[in-house]
Amino acid sequence: MEQQKVSAFDKVEGFIRKTLVPVANKVDNNVYLTAIKKGMVVLTPALLLGSIAAIFPSIPEFIKVSAIQNWFDQYGYIFGLLSKVSLGLVGLYAVLAIAYFLSEQLKLYTIGSMILAAIGFLLVAMDVDENGNIIATHLDSKGLFAGIFIAIICVKIYQFFTKHKLVIKMPEGVPDFVSSSFELITPTAAIGVLFITIRAITDGMTGGTLLPQVIMEMLAPAIGGLDSMWVIYLVLVLRLVFWFFGIHSAVLSPILSPIAVQYLSENIAAHEAGEPLTHVITGGTLSAFANFTGSGVTIGLVIAMLVSKSLRYKKVGAVALLPSLFGINEPVLFGVPIILNPVLMIPFIFGGAFVGMIPMICMKLGLLNYPIFDPPYVPVFMEGFLTGFDWRAIIIQVVQVGLSFALYLPFFKVLERQELEQEKTAKEASTVISEEDEALIADLDF
């Protein structure tokens, strides 16, 4: 019977390695997706600044001191300014960052690529009023997805012009920065013509609707689907499937990160406007709740190891405890191990995804504040609290600890039993004189 179970697992492993792993490797090695992934990470300071700017104006509501309220009445506008230059321009920052990383991988002039991408993006995303004042409505997260495509297109146009020598080359001896600047002239003209034409076509077909809004309306069903509990569960399961087979779940970042950034920006905007918040998936919730104590919410397994009779597992649990409190569980993934361990496949993938999404379910039920902040690197519990500034997050995460322990314990007992038998066998093999022989020798009178 045991042989059949191992055989079935081997078949599943073989199928996934043959189908999923090659796809994951191609995604991870794709220069465009890598640029998007890195570009989203670079946005962290802007998101952090925008989140803080959204939190501070709420202080007078909690601290009823006239001096504080007067200060906010007079200088509170600075927090709105902070929000405008961070979250209000996050789409433009994404374009610059993606263009930088993509041009770096393609061995192009990075600063020039960033300028070209910014020109292309602003031509289709920026508007002006009748007085010539800039309207930056779509330079924020609403322009994020358009910006991703535009950054890639502009860098590829630049690559095409340089590869086919359609650029102005200066004589030898001219400083590199001057030569590179002249090299940008022809691709800049091409990008200007291309995107102003796209702008004119879009305006004519939609009656003035900007391209970012058109793209957002096209992607709305797919983007909005990530607020569904079923979709969230499937996404979390997929992330853990990758981990189980030794593939970092970051391969999904090019898809998840732009959506998480947009959701956080929209939640912050709704919070500032006093409107209901609607999104549960942000970088903060994925880190604080879905990855609570590490992918698969493995704190329950750590606790089970700490109280284990097995010396090996007790040591692994002791080593893994402190990193787990900071959301790092590689000692568990590779030390137990969880990766490619058929005994822990069900609790890690399916159970870990369920325990990880419990706080999101609580948000939908009104039992936990929606996220408005992506916390920096802080310990668990504190991270959960900071995500929505709700003390109930701590209680919910304590529940996550209990559920994780109950989930992993019966499966761990199977591993523990096997390990205890191996430890007993090793101990017996290392003992030269048995206990009976020792007692007999002790009775002899020499």
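Modeller: Helices are DSSP runs of H or I with at least four residues, and they are numbered from the N terminus. Keep in mind that this is a predicted model.

Colleague: In which loop is the place of P337?

Modeller: Start with the peptide bond. V336 and P337 are joined by a cis bond, with omega at about -10°. The helices on either side are α18, residues 330-335, and α19. P337 sits in the loop between α18 and α19.

Colleague: L340 has a positive phi; is L340 in a loop or a helix?

Modeller: L340 is not a glycine, yet its phi is near 60°. Its relative accessible area is 28%, so L340 counts as partly exposed. Its place is between α18 and α19, in a loop.

Colleague: What does K107 count as, buried or exposed?

Modeller: K107 is found between α7 and α8 (110-125), in a loop. Its phi is positive, near 60°, in a residue other than glycine. Exposed takes over 50% relative accessible area. K107 has 74%, so it counts as exposed.

Colleague: How many helices does the chain have?

Modeller: The chain has 446 residues, and 45% of them are buried. Its secondary structure includes two strands. The helices come to 22.

Colleague: Which helix has the highest mean pLDDT among the elements?

Modeller: The mean for the chain is 85, and 89% of its residues reach 70 or more. Residues 1-5 stay under 50, and the model gives them zero contacts beyond four places in sequence. Helix α22 (residues 435-443) has the lowest mean among the elements, 55. The highest, 95, belongs to residues 90-105, helix α7.

Colleague: With which residues is A35 in contact, leaving aside neighbours within four places in sequence?

Modeller: A35 lies in helix α2. Its relative accessible area is 0%, so A35 is buried. Beyond those neighbours, its contacts are I98, F101, L102 and Q105.

Colleague: What distance separates the C-alpha atoms of K38 and S253?

Modeller: K38 also has its place in helix α2. Its relative accessible area is 37%, so K38 is partly exposed. K38 and S253 are 215 residues apart along the chain. Their C-alpha atoms are separated by 9.0 Å.

Colleague: Why is helix α16 largely enclosed, and which of its residues are buried?

Modeller: Buried means under 20% relative accessible area. Helix α16 has eight residues, 299-306, and six are buried, so the rest of the structure largely encloses it. The six are I299, G300, L301, V302, A304 and M305.

Colleague: Which helix gives the largest share of the lining of the largest pocket?

Modeller: This pocket has a volume of about 1100 Å³. It has 35 lining residues, and those closest to its centre are R239, G283, L286, S287 and N291. The elements that give two or more residues are α2 (31-42), α3 (44-55), α13, α14 (253-273) and α15 (283-290). The largest share, five residues, comes from α14.

Colleague: How many residues of that pocket's lining are charged?

Modeller: Asp, Glu, Lys and Arg count as charged. In the lining of the largest pocket, 17 residues are nonpolar and 13 are polar. The charged residues number five.

Colleague: Which elements give two or more residues to the lining of the largest cavity?

Modeller: The structure holds one cavity of 30 Å³ or more. The space in the largest cavity is about 30 Å³. Its lining is made of L236, R239, L240, A290, N291, G296, G352, A353 and G356. Two or more of these come from each of α13 (229-244) and α19 (345-364).

Colleague: How many residues of the cavity lining are polar?

Modeller: Gly counts among the polar residues. The lining of the largest cavity has four nonpolar residues and one charged. The polar ones number four.

Technical notes
Residues are numbered from 1 along each chain as its sequence is written. This is a predicted model: local features need pLDDT of at least 70, side-chain atom pairs count only at pLDDT 80 or more; totals for chains, interfaces and linings use all residues. Side-chain values use heavy atoms; hydrogens and water are left out. On a 1 Å grid over the protein atoms alone, a cavity is a set of points where a 1.4 Å probe fits but cannot get out, and a pocket is an open set with protein on both sides within 12 Å along at least five of seven lines; lining residues have an atom within 4 Å of a point. Grid points are joined across faces, edges and corners, and a volume is the space filled by probe spheres set on the points. Buried means under 20% relative accessible area, exposed over 50%, partly exposed in between (1.4 Å probe, protein chains only). pLDDT is the predictor's confidence in each residue, from 0 to 100. Contact means heavy atoms within 4.5 Å.
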